[in-house]
Amino acid sequence: MIRTLSLLLLAGCAAAPAARDVDDFSRATPEAEGVASSAILSLVDALDKIDSLNSLMIVRHGRVIAEGWWAPYKADANHELYSLSKSFASTAVGLAVAEGKLSIDDEVLKFFPEDAPAEVPANLKAMRVRDLLTMSAGHQDETSSAADQITPKSFLAHPVPHKPGTHFKYNTPATFMCSAIVQKVTGQPIVDYLKPRLFEPLGIAKPVWNANAQGVSLGGYGLRVRTEDIARFGQLYLRKGRWNGKRLLPEAWVELATSRQVSNGSNPKSDWEQGYGFQFWRCRNGAYRGDGAFGQYCVVLPEQDVVIAITSGLKDMQAVLNLIWDRLLPGFKAGALPEDPTSRAALTKRLENLKLRTPEGAAASAVATGRVYAFPANEHGLESLAWDGSALLVRQKGVERKIACGQRDWVKGASSWGAYVNEPAAASAAWTAADTLVVKQCFTETPFVATWTLRFTGDELACAAETNVNFRGGVKISLTGRAK
């Protein structure tokens, strides 16, 4: 049975047992914390073969035992979390509950009477905050969660065919409503509300959370923080709401949020069918996690006293979790292990030299260098391309950008590509054939890598481009231009 609000509030004063009272995030050897370097190396080797990982951090007993970033990704840069944002939004609700500003049993309509439809269906009237948190709001499908469309009014206008609490439907707009409710009762967007209560105590220095047109943090996505920030957030939950001896979050809330509140399937081999809490997924092996599209993970293993933070651009998200269970989980031991300098040195070298694959081929070709190729009018607004020997010159929607490219390396430069034009980026290029130039551009605060394949034939340029992952099939370009 779900615990009552009074228990949640009382738990804010209770001390939670923890393996250590101080989580200093100092660096330690894997063996010192009971993990074989060889086991971590096996995991990293397997992850590297996927060529989709952006970063990895493993924390045991509050100490970082392994960390690595696949260049051009960097430790000090934020990364888009997508639906991993939901776990942070849930935390904002938990804090507001602990402060007595709302109850998880409050009806959703209570907060937005001005946005209610003219006729309120019974299922909408019965919808509670708890139902938003557990993805059981009663919807059969989602309304739009786009920043320029989502509002409390649009959410409340959406049909609710199921009795709330009875039907699991993953629902990003429901998390937006959690954000909107916290803002309504606190007077602050959750990104601001969380700063003194969560972000600053954990040392999360530069969180960025996109908002809708009304200034409401999107909640279900849109948060960017660093990889270590993800790990620190997971450590707070591993310690049941305590951080360095100080309680930040009620223990009872942590237990509710990370335990199975609703069923979402029965496949014993799927980490998406082990039950769902308050914006956290239950996993196999006694673990739980927050996660986001394309493989943004905060995996917490209470039995092993471990947190794993991952950012990536994956098509198969289950594959990485399988590798954690198969390669890493057996390597956790109860006590310290004898040091293994050889394996540790190999692991250190591996982690320090991680890099996304760059195009392989020649550095130069006499074909087409310096020529400008114009394209007919198209939906992408791509007007012209040119290669100057070290950079791709892209003119799109009246703006020309120079994409500086490395050779077998990533070079920071201006970004381009539709919605990503303002993103930090790095690029690499090579001639894979005498007439074919391949350019990769990585948008380094996102999972996205755009690949341009340019084939030059006489006065024609065949341009094909697409991103590694994307929603609804992604952005693809296939155009033919002619030399001016």
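# Notebook: strands, helices and loops in a predicted model

I began with strand β2, which is mostly covered, five of its seven residues being buried. I note at the outset that I am reading a predicted model, so every entry here is a reading of that prediction.

**Entry 1, β1 and β2.** I looked up the partner of β2 and found strand β1 (residues 53-60), which runs antiparallel to β2 and is joined to it by six bridges. For one bridge I wrote down the residues: R60 has R63 of β2 as its partner. The hairpin formed by β1 and β2 has two residues between the strands, and in that hairpin H61 takes a positive phi near 55°.

I then followed the chain into the loop between β2 (63-69) and β3, where P72 is found. The peptide bond that joins A71 and P72 is cis, and I recorded an omega of about 15° for it.

**Entry 3, the sheet containing β3.** I asked myself in what order the three strands of the open sheet stand. The order is β3-β5-β4, and the pairing is antiparallel. The edges are taken by β3 (79-80) and β4 (208-209), and because each has a single partner strand, one side of each is left without a neighbour in the sheet. Turning to the pairing of β4 with strand β5 (residues 223-225), I found two bridges between these antiparallel strands, and I noted that V208 has R224 in β5 as its bridge partner.

Next I looked at how helix α2 (residues 37-50) packs with helix α12 (residues 341-352), and I wrote down an angle of about 30° and axes 9 Å apart. Since angles under 35 degrees count as roughly parallel, α2 and α12 are therefore described as roughly parallel to each other. The crossing in which α2 passes α12 is left-handed. On the α2 side I listed S37, S38, I40, L41, V44, D45 and D48 as the residues making the contact, and on the α12 side S343, R344, A346, L347, R350 and L351. Sorted by class, the contact of α2 with α12 holds six nonpolar, three polar and four charged residues.

Is A39 buried or exposed? With a relative accessibility of 11%, A39 counts as buried, because the cut-off for buried is under 20% relative accessible area. Leaving aside residues up to four places away in sequence, A39 touches R327 and G331. A39 and G331 are 292 residues apart along the chain, yet their C-alpha atoms are separated by 5.7 Å.

Which part of strand β13 (residues 382-387) is buried? Five of its six residues are, so β13 is largely enclosed by the rest of the structure. I looked up its pairings in turn: strand β12 (residues 372-374) pairs with β13 in the antiparallel sense over three bridges, and A374 has S384 of β13 as its bridge partner. The pairing of β13 with strand β14 (residues 391-396) is also antiparallel and runs over five bridges, with A386 standing opposite L393 in β14. In the hairpin of β13 and β14, which has three residues between the strands, I noted that G389 takes a positive phi near 105°.

Finally I looked up M135, whose phi is near 55°, a positive value in a residue other than glycine. M135 has its place in the loop between α5 (129-133) and α6 (152-156), and it is buried, with a relative accessible area of 1%. I then turned to R408, which is not a glycine either but has a positive phi of about 60°. R408 lies in the loop between β15 (399-404) and β16 (411-413). For R408 I wrote down a relative accessible area of 43%, which makes this residue partly exposed, whereas M135 is buried.

Definitions and conventions. Residues numbered from 1 in each chain as written. Predicted model: local features only at pLDDT ≥ 70, side-chain atom pairs only at ≥ 80, totals over all residues. Heavy atoms only, no water. Axes fitted to C-alpha atoms, helices over the stretch in contact; angles between N-to-C directions. Helix = DSSP H or I, 4+ residues; strand = E, 2+ residues; numbered from the N terminus. Parallel < 35°, antiparallel > 145°, perpendicular 65-115°, else oblique. Left-handed = near helix turned anticlockwise from the far one by under 90°. Contact = heavy atoms within 4.5 Å. Nonpolar A, V, L, I, M, F, W, Y, C, P; charged D, E, K, R; others polar. Pairing = 2+ DSSP bridges. Buried < 20%, exposed > 50% of the residue type's maximum accessible area, 1.4 Å probe, protein only.
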